[in-house]
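Today I open my notebook on a new structure. Come and look things up with me, one entry at a time.

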Amino acid sequence: SQIIWCIISGANLGSEVINVIAKDSDDGSNGQVIFKILENNAKNTAAFSIDETTGKVVLQSQLDRETVDEYEIVIEAQDLGNPALTSTCLVHVKVQDENDNAPEFPVEKIKLELSEDTNIGDSAYEFKAMDQDLGGNGKINYFLVGNNLNGFSIDSDSGVMTIASQVRKINCFDMLKDIWMLERIISVIIF
């Protein structure tokens, strides 16, 4: 038989993944069942351990969906009869994403050169960050953070920074020296 089960990427060590149940209708030791995880070369199973008497599968090492997104665990149930009889079950463990990666910019510093005749509404720069997380966890929103930001605005979805007020050579450095964008500094030169 096969089971599909999900676990969050950041689950704590020792967390229960699944509790496998096997029933044997024999009497005495012939009906007692023990469990073990079989070696499976298809997917790494060292991340899990099983209690041999209860069938409780627990997390033994940290999971990271960006490294391995699915595991296959072959669990064997064996009775204590003589001869012992066995049965196996394949458990597919799907690792669900969590927001465990920060957005990253491909470059740390950006130098912009803007002309004094740059118009309000003109695009000054398009920021592009990447996040390895999936879905909503990987969605990036852009913000300008700091003092004297009146001269610029940013589209929080696209990362496009535009001119919000007339660019002047004398006040531009003061206006931009404190702009931080997800921990990345921007310097602007007006010519």
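Before anything else I wrote down my burial scale: buried means under 20% relative accessible area, exposed over 50%, and partly exposed in between (1.4 Å probe, protein chains only). I also noted that this is a predicted model, where local features need pLDDT of at least 70, side-chain atom pairs count only at pLDDT 80 or more, and totals for chains, interfaces and linings use all residues. Residues are numbered from 1 along each chain as its sequence is written, and side-chain values use heavy atoms, with hydrogens and water left out.

**Entry: cysteines.** I looked up Cys6 and found it partly exposed, because its relative accessibility is 40%. Cys89 is buried, at 10%. I then searched the whole structure for disulfides (a pair of cysteine sulfur atoms within 2.5 Å) and found zero.

**Entry: the sheet.** I took strands as DSSP runs of E, at least two residues long, numbered from the N terminus, and called two strands paired if DSSP finds at least two bridges between them. Four strands form an open, mixed sheet in the order E1-E7-E6-E3. Its edge strands are E1 (2-8) and E3 (33-38), each pairing on one side only. I followed E3 to E6 (residues 70-79): they pair in the antiparallel sense over six bridges. Ile37 has Ile75 in E6 as its bridge partner.

**Entry: salt bridges.** My rule was a side-chain nitrogen of Lys or Arg within 4 Å of a carboxyl oxygen of Asp or Glu. I counted six by this rule. Lys36 and Glu76 form one of them, at 3.7 Å from N to O. Lys36 lies in E3 and Glu76 in E6, so this pair ties together parts 40 residues apart in sequence. Glu76 is buried at 13% relative accessibility, while Lys36 is partly exposed at 43%. I also found Arg65, Glu66 and Asp97 linked in a network of salt bridges.

**Entry: the core.** I defined a nonpolar core as a set of buried Ala, Val, Leu, Ile, Met, Phe, Trp, Tyr and Cys residues joined through side-chain atoms within 4.5 Å. The largest one has 21 residues, and those with the most contacts inside it include Leu63 and Ile75. Apart from it lies another core of 14 residues, among them Phe105 and Tyr142.

Entry: Asn82 and Pro83 are joined by a cis peptide bond, with omega about 5°. I located Pro83 in the loop between E6 and E7.
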